[in-house]
Amino acid sequence: MATDHPAGSATQQLNDHFDDHQPFSLSPITLQKLPHLSEYLQDLQPAGPNPLDRNPFFYPSDGFYITSSDVVLRHTVCRLSPSGAPDYPFHHVAYIRAGPRKNIFFDPSTTRAAIVTCGGLCPGMNTVIRELVVGLWDLYGVRQIFGIKAGYRGFYSTPPVELSPKMVHNWHMRGGTVLGTSRGGFDLKKIVDAIQNHGFNQVYIIGGDGTMRGAVKIFEEVQRRKLRIGVTGIPKTVDNDVGIIDRSFGFQTAVEMAQQAIHAAHVEAESAVNGIGLVKLMGRSTGHITLHATLSSRDVDCCLIPETEFYLEGKGGLFEFLEQRLKERGHAVVVVAEGAGQDLIPRTKAQEEERDESGNRVFLDVGAWLKSELKKWWDRDHPNELFTVKYIDPTYMIRAVPANATDNLYCTLVAHSAIHGVMAGHTGFVTGPINGNHAYIPLIDVAQAKNAVSTKDHKWEWVRSVTNQPDFVKS
């Protein structure tokens, strides 16, 4: 249905502009520089044409190979002014598109690739390992592929495990990581020494933001030593808190699994008198799983994420809202991200200073704390009335399951994209989807970027429309 706008308004002028079909132009595009081995290895020459030319299953046609002029825009949406230019400062950034190149810089017969998984578990880790092995073996003919056991410390503490397509055949059906993982253990000198001593010239690092920061240091040390070693990162985080890319692998599986926990909480709450189902989901610094699970479920009455504050007592607080819901419906479901409300939970001095192996602040259990506070509130304000809180924490169930179909497809694409990039001589990069197209992003950019939920975005407004929860803004 058409909407009338006052004559002379900016909206009307913009509509008139497009009705006239006048051309417009956007600001110039800045291409992010992608590191290449040739930058510090002066005598580097291509090892030859891509073996895919001789692969009987490919038959490369025109346009099959990606060139340096194929790019992916980071931002594809902007608002134009009546003049046709963006009506606020807008910088167009582009990244090199991922995919096979016509020439490669590693001879497959002498390539020795290492694959390592670090940090916490995430659905799809085994799929990525499997697709790296199968991709290197079948696409490029690499026969020396090794798995590093137990994270970064495995480079210098345990012998590498030789991998083959036969060995990893059904790994995508298993949760966790068959290679094993750990936090910490990052000793830069020992790691790079071990990479040299084992003769590895390609290193594939699968992990979260802390792992990517370590990968940056390995890449920089390899550069400093002028080693012919390609280093690439494959970002892994259930929380989806890695910046720049659309999403990280395992996220959609996590949201799907979270639905089961929310459904169970809803059944428990609905079956009790004044029942509250309380679910804690993963999300230390971002609430993406909690947000998407809330939108998908439609059974959630309140969604609490780290990006927004909330309070318990008083006008507009959580207790007032839940009391009203219990009067109206007889039950309620609350979903909270693990990083939400941390400033509300009392801490001892020792707890304030406690850090995990990766150097992150140790979070207290917001779910157990909130369950306790809910019971105290009800006993105080409604003595002798029935009340039940059923607390569900599916954290380890969610991150330990195999990837679903969508994430398995994602893992295949991201693994093969990483292989194509390294074989083409690129290094110090991460591969991932940007606006639906896989691209190569400098490691340093990804290590520094964050992907917080924007509470000014329409998606958060959708959450508010689904739950009708208060905004927790005190007058």
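In this predicted model, helix α2 and helix α12 pass each other in a right-handed crossing. Helix α2 covers residues 125-140 and helix α12 covers residues 405-423; their axes come within 8 Å and cross at roughly 45°.

Which residues of α2 meet α12? On the α2 side they are T127, V128, E131, L132, G135, L136, L139 and Y140. Their partners in α12 are N408, C411, T412, V414, A415, H416, I419, H420 and M423. Sorted by class, this contact holds 10 nonpolar, 6 polar and 1 charged residues.

Now let's visit another pair. Helix α8 (residues 318-329) and helix α10 (residues 366-381) have axes that come within 12 Å and cross at roughly 70°. Angles from 65 to 115 degrees count as roughly perpendicular, so α8 is roughly perpendicular to α10. The crossing of α8 and α10 is right-handed.

Here L318, F319, L322, E323 and L326 of α8 meet L370, E373, L374, W377 and W378 of α10. The classes in this contact are 8 nonpolar and 2 charged residues, with no polar ones.

Here are the two pairs side by side:

| Helix pair | Axes come within | Crossing angle |
|---|---|---|
| α2 and α12 | within 8 Å | roughly 45° |
| α8 and α10 | within 12 Å | roughly 70° |

Why these two columns? Two packed helices are described by the angle between their axes and the distance between the axes.

Key: Residues are numbered from 1 along each chain as its sequence is written. This is a predicted model: local features need pLDDT of at least 70, side-chain atom pairs count only at pLDDT 80 or more; totals for chains, interfaces and linings use all residues. Side-chain values use heavy atoms; hydrogens and water are left out. Axes are lines fitted to C-alpha atoms, for helices over the stretch in contact, and angles run from 0 to 180 degrees between N-to-C directions. Helices (H or I, at least four residues) and strands (E, at least two) are DSSP runs, numbered from the N terminus. A crossing is left-handed if the near helix is turned anticlockwise from the far one by less than a right angle, and right-handed if clockwise. Contact means heavy atoms within 4.5 Å. Ala, Val, Leu, Ile, Met, Phe, Trp, Tyr, Cys and Pro count as nonpolar, Asp, Glu, Lys and Arg as charged, and the others, Gly among them, as polar. Angles under 35 degrees count as roughly parallel, over 145 as roughly antiparallel, 65 to 115 as roughly perpendicular and the rest as oblique.
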